[in-house]
Each structure stands twice: as structure tokens, then as C-alpha cells.
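Notebook open, two chains on screen. I want to go through the fold first, then a helix, then the contact.

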Amino acid sequence: MKLRLSSQTLKVLGAFLEAPKEWRYGYDISRDTGLKSGTLYPILMRLAERGLLDTSWETVEAGKPPRHLYQLTPDGLQFAREHRRSRAAGLRRAALGEAKG
Amino acid sequence: MFAARRSAVRRLATRLLGLVLCCAPRHCEPWVSAMLRELDFIEGDWAALFWALGSVAAIFRHSGRELLRTGFRRQEEAGMKETGKNVAWVFLGVVLAALLVVCAMGLFHLAAHFYPPMFQSVPWPTWVVVFLVPEILFVVGTVRLWRKRRPMAVGILLAAVVFATHFVMHIVSHFRG
């Protein structure tokens, strides 16, 4: 299945790439990317469905509810890096085209 | 007063997501729980309510899409299974009808063997044994099975039509010759 790479998905992938080894909370990603929960969670679900995102429940002391954590899988990291590179190359080409034109 | 209203808004947000958690499909439950847990860390009650509303929309969209996908797949599979079954019943009807015709032919040959003059002088006993009796049985079988096992009835009917056409063509060519 192909993942639709909207600008919002790229933002989420970008947020994960800032600290690839860290587990992130949903609300933190939402604040970093400026995406609302209604936009963020469908993206996270799709990434998880395609095996690009690992999910885990935080281990906390008894009585405190755990939070859900997210981290890109190795495949997800590769996917995000490739797309960031190709996007950067595309932007460079566009900038060069504008400069020539 | 304001603090009480704010907490009521947060409570509403929590209840909303709690309700969704109760009704959500199994595959969505961890996601709804995750959204619910995040509520405690959102600064501002109205922000929490908007978070909950957005989460509800996300879950509805996701489960709706999932339902459409799996629903169509199941329907497709069920349809294929049903078609396979129907084809098997039609085939069985045709085979049974063919067996009946073979039996009638055998009976005709047996009768011709034991009493040859009857079949040599007039053609109608042949027609009765080889054509009329099987066709009557086909029609009766089709009518009886039409409600209970329609595909099989269709198979028998199909065989009856083919057999009747073959018989008519045979008679026509015989009388022309």
C-alpha cells in the first residue's frame, strides 16, 4: 500500500527525524508540528499500519495512567530520510529554475 | 464559577473520549486510549475539548474507512463463495439430467432388444421413452426444486432445453431424410 505523503505527513516525519532515537508523545508531536489531533492521529495510524511507526505504552508507577509513545521503525526512518532528501532536491531544483527564469 | 466551568469542559472532553472508547472497534481502542491519556497533559480546558473533538473525528474516519475496506472484502469473498456454490449446483443439475437421459436410452435399447417389432413399426414408443418421459421428469424436477434449490433447477432446465433442441433437430433431419 502506498502512503499518501501530504505536507502534514511530511511535518510529522520531520518531527520524528529531529530526534530519531527518542520516543515521542502524541501531544508533543502535535505541538511541534502544529497539527490538531484530528489530523495527527490518522497519520500516526497510517504510519503504524504500514510498519513505519512503532508504538508503545509508557511504563509508569502504579496508579498513574500510562501514555502512548511513538518512534519511527528503521524502515520508517529510511522512508522519512529518503523523502526529506527527495523533497530537498525538488526544492533546490525549483529554486534553480526560478533563478534561471 | 469560571474554574468550575473550565473543569466541566475538561470533564466533557474526558467523557466524550471515554464514550468513544466504549463504542470504538477493537483495532481502534489503543488509539482512543492514547488520545484519552494525552488529555491530562493538555494545558487549557478548551484546548482539551478541541483535542477530544478532533480525536473523535479521527477515530470515526479511521473506523469508517476500515469498515468500508473489510466490509467490501468480506462481501466480495462471500459473493465468490456463493457463486462457486451456485455453479456447482447448476453443474450437478446438468449431470443428473444427463444421467436420466442415459438411463432412458439404456431402457430404450433394452426394450428394443427384447421386443424389436414394436420399435421398428411405430416411432412414438421411442419418443415416449427417450424424450417425453425424461422431459416430464425434468419439468417436474425443475418445478419442485425452483424454490428450494434454484441453481440445481436451472441446471436441470438447461439440460432439458438442450436435450429438447437436440431431439427436435434429430426428428426434423430424420423426416427430411
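I read the elements of chain A from the N terminus and got α-β-α-α-β-β-α. That makes four helices and three strands in chain A, with helices (H or I, at least four residues) and strands (E, at least two) taken as DSSP runs and numbered from the N terminus.

Housekeeping: this is a predicted model, where local features need pLDDT of at least 70 and side-chain atom pairs count only at pLDDT 80 or more, while totals for chains, interfaces and linings use all residues. Residues are numbered from 1 along each chain as its sequence is written, and chains are lettered from A and ligands numbered from 1 in the order in which they are written.

Sheet next. I found three strands of chain A in an open sheet, ordered E1-E3-E2, with antiparallel pairing; a pair needs at least two DSSP bridges between the strands. E1 and E2 (53–57) of chain A are the edge strands, each with a single partner, so one side of each has no neighbour in the sheet. I looked at E1(A) against E3(A) and noted two bridges, antiparallel. A:Tyr25 sits opposite A:Leu69 of E3(A).

Which residues of H2 (residues 26–33) in chain A are buried? I get A:Gly26, A:Tyr27 and A:Ser30. They lie on the same side of H2(A), because they cover an arc of only 100° around the axis, the arc being that of the directions from the helix axis to the C-beta atoms. For the record, buried means 20 or more other C-beta atoms within 10 Å of the residue's own, exposed means 12 or fewer, partly exposed is in between, and C-beta atoms are placed from the backbone.

What do they pack against? In chain A I listed E1 (24–25), H3 (37–49) and E3 (68–72), and in chain B helix H2 (29–38). Contact here means C-beta atoms, placed from the backbone, within 7 Å. Just after H2(A), I noted a positive phi of about 80° at A:Gly34.

On to the contact between the chains: it takes 14 residues from chain B and 13 from chain A. On the chain B side, H2 and H3 (45–114) each supply at least two residues, and H3(B) gives the largest share, seven.

Last, confidence. Chain B has a mean pLDDT (the predictor's confidence in each residue, from 0 to 100) of 81, with 88% of its residues at 70 or more. I logged ipTM 0.84 and pTM 0.58 for the model.

Technical notes: Two residues are in contact if their C-beta atoms, placed from the backbone, lie within 7 Å.
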